[in-house]
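Trainee: I would like a close look at a single part of this model, taken slowly and with the cut-offs spelled out.

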Amino acid sequence: PEAVYSRRLVWGGVEEGRMETNLARYLVKPAAGSIKPPSGAKDRYTITEDKALLDYGWSLWFKSNKVKFGGDKVWEDAAQLGITGRPWQSMKERWKKTLSHKFNKDLLNRYQAAK
């Protein structure tokens, strides 16, 4: 998988009217302490993990707004990158059941604000 960058890279550039050149500053890294998820059968996602998944989603969307978040490959890559340290199936389900709604609402708000 390729490097993943935070959505702040693009939004910051839009707000400031220039493109950031220090890409390392916006590189999405695995959530702190996410290499090994907390113990237990049904561990809740942390805010940090949700933020990492949303940043990953924005990064993919900016590369191609035709990205298919429902596909396995997107989440297998996320697991390989160590975005949360959780299995790809878990991240896919978290996106589908919780984060996709937040992502779509944010996208709609930004689209309407740009009009």
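Which residues does A79 touch, not counting residues up to four places away in sequence?

Mentor: Two points on the source come before the reply. This is a predicted model, in which local features need pLDDT of at least 70 and side-chain atom pairs count only at pLDDT 80 or more, while totals for chains, interfaces and linings use all residues. Residues are numbered from 1 along each chain as its sequence is written, and side-chain values use heavy atoms, with hydrogens and water left out.

Leaving aside residues up to four places away in sequence, A79 touches R86, W88 and M91, where contact means heavy atoms within 4.5 Å. For M91, the C-alpha atom lies 8.1 Å from that of A79, across 12 residues of sequence. A79 itself is part of helix α3, helices being DSSP runs of H or I with at least four residues and strands being runs of E with at least two, numbered from the N terminus. With a relative accessible area of 30%, A79 is partly exposed; buried means under 20%, exposed over 50%, and partly exposed in between, with a 1.4 Å probe and protein chains only.

After α3 comes G82, with a positive phi near 75°.

The neighbouring packing involves helix α2, residues 47-63, whose axis comes within 12 Å of that of α3 and crosses it at roughly 125°. That makes α2 oblique to α3, given that angles under 35 degrees count as roughly parallel, over 145 as roughly antiparallel, 65 to 115 as roughly perpendicular and the rest as oblique. The axes are lines fitted to C-alpha atoms, for helices over the stretch in contact, and the angles run from 0 to 180 degrees between N-to-C directions.

As for the setting, the protein chain has 4 helices and 0 strands, in the order α-α-α-α along the sequence. Of its 115 residues, 33% count as buried. Among contacts between residues at least 6 apart in sequence, 61% join residues at least 24 apart.
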